[in-house]
Amino acid sequence: MAGTCALILAAGKGERFGRTEGKVWSLVGGVPVLWWAVRAFQEHPEVDRIVLVVREQDLPRLREQAASFDKVIAVVRGGRERWESVRLGLEAVPAQDRWVLVHDAARAAVSAELISRVLHTTRQTGAAIPALRIPDTVKWVNAAGVVQQTLPRHRHAGGETWQLMTVQTPQGFAVDILREAYERYDFREGAPTDDAMLVERFYPVNVVPGDPRNIKLTYPEDLARLEAILLKGVETRIGFGYDVHPFAEGRRLMLGGIEVPSPKGLAGHSDADVVLHAITDALLGAAGMDDIGTHFPNTDPAYRDADSAELLRLAWAQVRERGWGLVNVDVTVLAETPRLRPHVPAMRERIATVLQVDADRVNIKATTNERMGFIGREEGIACYAIATLRR
Ligand code: CTP
Ligand code: MG
C-alpha cells in the first residue's frame, strides 16, 4: 500500500506559552512534549515515516536524539509562520509516500485511535481533519474587553444547516493535494492557521470526530492538563538513598558534583561525593535496580577516584532506558562544617545538568547536626535523598 508520512511541526516560538526554550521542550513525566508527540506516530502501525520540522537552534540536538525513533527520516528547519514550516517539511516527504498527516507537536496527547480515524477517511477521500462541536457561544470582543458581535452557532445555507466547529491536528491529505494547495494559495491573503484552510478552497475536506483530550499546549496553564491526560495510568515510584563518608586531610571536598572550599575533604574509594551517591541510590532504588555498589563496585580499580557525576550519569542512563523519567529529587545533607548554603544553587544546577532536567526538580537542603553525634563532632558528612520517578 502507498506509504504514509507524518509531518510533525515543532518550529514555533511558543510566544503565548512564554518559555524561551520553546514549549515543545516542556517536560511531562521527565520527557519533552515533542517526544510524546513523535512517539504517538512512531508507535502507530499505519505510519511509515516521520519528518520533524524544528527551530534552527534545535537542529543539532534533535538530529541526535531523533536517532532513537527509527521512523524519523528527516529533521528539517522550519519557517517564521506555521505554513512556511509545513511547506519546508513537505519538501522532505519522500516520493514513495502518498499520504501525509500534518500534526502540531504541541498536541502531544494525540491518540492512536484519532490517527487511525483521520488516516482512514484521508485514504478514502483525499482530505480529512478532526473537529469538535463547540459547547460555548463564541463572540467577537474588542481590545477594551467589550463584546462587539456574537457568532451564530448554526447557519442555514442552501437548504442545509452548518455548525461551527473547532479543528485539531493531525490533518490528513493526499500528498499531491496538499502540495497543489500550497502552490495555489495566495499567501498575500493572510497567513492560513491550518492546512485544511488551503485545501478546502478547491477540494472537499472531510471532518471526522476529534478528541477532547487532544489539546494543544498553548498557554502555561495547559501544561497541567496535558500532564494529567498523558500521565493517566502512569506508574509512579519513590526511591530512597543514604550515604556517609568520613573526613580526611589532604582531599578535595566534592559535594553535589562541585568542589566546595574546605580545609579537609571526604575519604572514599571514589571522589566520595556523598550527595551524588545518595541521589544515585535513590534513583536506582526507585527503579528497583539495586544500589550504586552493585553497579560500580568499590573493589573495581576502574572506579578508583571516580568522578561521581559520571557514575550518576551512567546510572541515570540505565534507569531511563527502562522508561523512567524524573519527577523530582529531594536531598538533605548533614554537615557541621563547612557552611553549605552558599553552594546549594551551584549543586542544583550541576545535578540538574547531569540528569538533564530543570533545576527546580532538584532540591537540596543542608543542616548541621547541632553538635551531636559523629556529624556534630565533625567526623564526616552524611546525606539522605529521595527521588520520584514516573514511567
Ligand atoms: N509551528 C511551526 N512553525 C511555526 C509556527 C508554529 O512549526 N513557524 C508549530 C508549533 O511548534 C506548534 C504548531 O505549529 O507545534 C502549532 O502552533 P502554535 O500552537 O501556534 O505554536 P507556536 O507558534 O509555537 O506558539 P505561539 O503562537 O504562542 O507563538
Ligand atoms: Mg503560533
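1. A quick definition before the surface point: strands here are DSSP runs of E, at least two residues long, and they are numbered from the N terminus, as helices are. Keep in mind throughout that this is a predicted model.

2. I238, F240, Y242, V244, F374, Y384 and I386 make it up, and together they have about 650 Å² of accessible area. Which strand gives the largest share of the patch? That would be β15, with four residues. Two strands, β15 (236-249) and β21 (380-390), each put in at least two residues.

3. On to ligand 1. There are 18 residues around the ligand, and G14, E15, R16, S85 and K216 are the ones that come nearest. Sorted by class, the shell holds nine charged residues, five nonpolar ones and four polar ones.

4. An N or O atom in the K23 side chain is 2.9 Å from an oxygen atom of ligand 1. G12 uses its backbone instead: an N or O atom there lies 3.0 Å from an oxygen atom of the ligand. With G79 the ligand atom is a nitrogen, and a backbone N or O atom of G79 lies 2.9 Å from it. As for cover, ligand 1 exposes 560 Å² when taken alone, and the protein buries 88% of that. The elements that supply two or more residues to the shell are β1 (3-10) and α3 (82-91).

5. Now some backbone geometry to check. Most peptide bonds are trans, and most residues other than glycine have a negative phi. Where are the cis bonds to look at? One joins T169 and P170, with omega about 10°. P170 belongs to the loop between β12 (165-167) and β13 (171-174). Another cis bond runs from T337 to P338, with omega near -10°, and P338 is in the loop between β19 (325-334) and α11 (344-355).

6. Q356 has a phi of about 60° and is placed in the loop between α11 and β20 (362-367). For R371 the phi is about 65°, and the residue is in the loop between β20 and α12 (373-376).

7. How do those two residues stand for solvent cover? Q356 has a relative accessible area of 52%, and the cut-off for exposed is over 50%, so Q356 counts as exposed. R371 has 55%, so R371 is exposed by that cut-off too.

8. Last, a residue from the other end of the accessibility scale. A315 lies in helix α10, which spans residues 308-321. At 2% relative accessibility, A315 is buried, because buried means under 20%.

Key: Residues numbered from 1 in each chain as written. Chains lettered and ligands numbered in written order. Predicted model: local features only at pLDDT ≥ 70, side-chain atom pairs only at ≥ 80, totals over all residues. Heavy atoms only, no water. Patch = residues over 30% accessible without salt bridge, like charges linked within 9 Å, V, L, I, M, F, W, Y side chains within 5 Å. Areas by Shrake-Rupley, 256 points an atom, 1.4 Å probe, with all protein chains shown as cover. Salt bridge = Lys/Arg side-chain N within 4 Å of Asp/Glu carboxyl O. Buried < 20%, exposed > 50% of the residue type's maximum accessible area, 1.4 Å probe, protein only. Near = heavy atom within 4 Å. Polar contact = N/O pair within 3.5 Å; in protein donor to acceptor, adjacent residues only side chain to side chain. Nonpolar A, V, L, I, M, F, W, Y, C, P; charged D, E, K, R; others polar.
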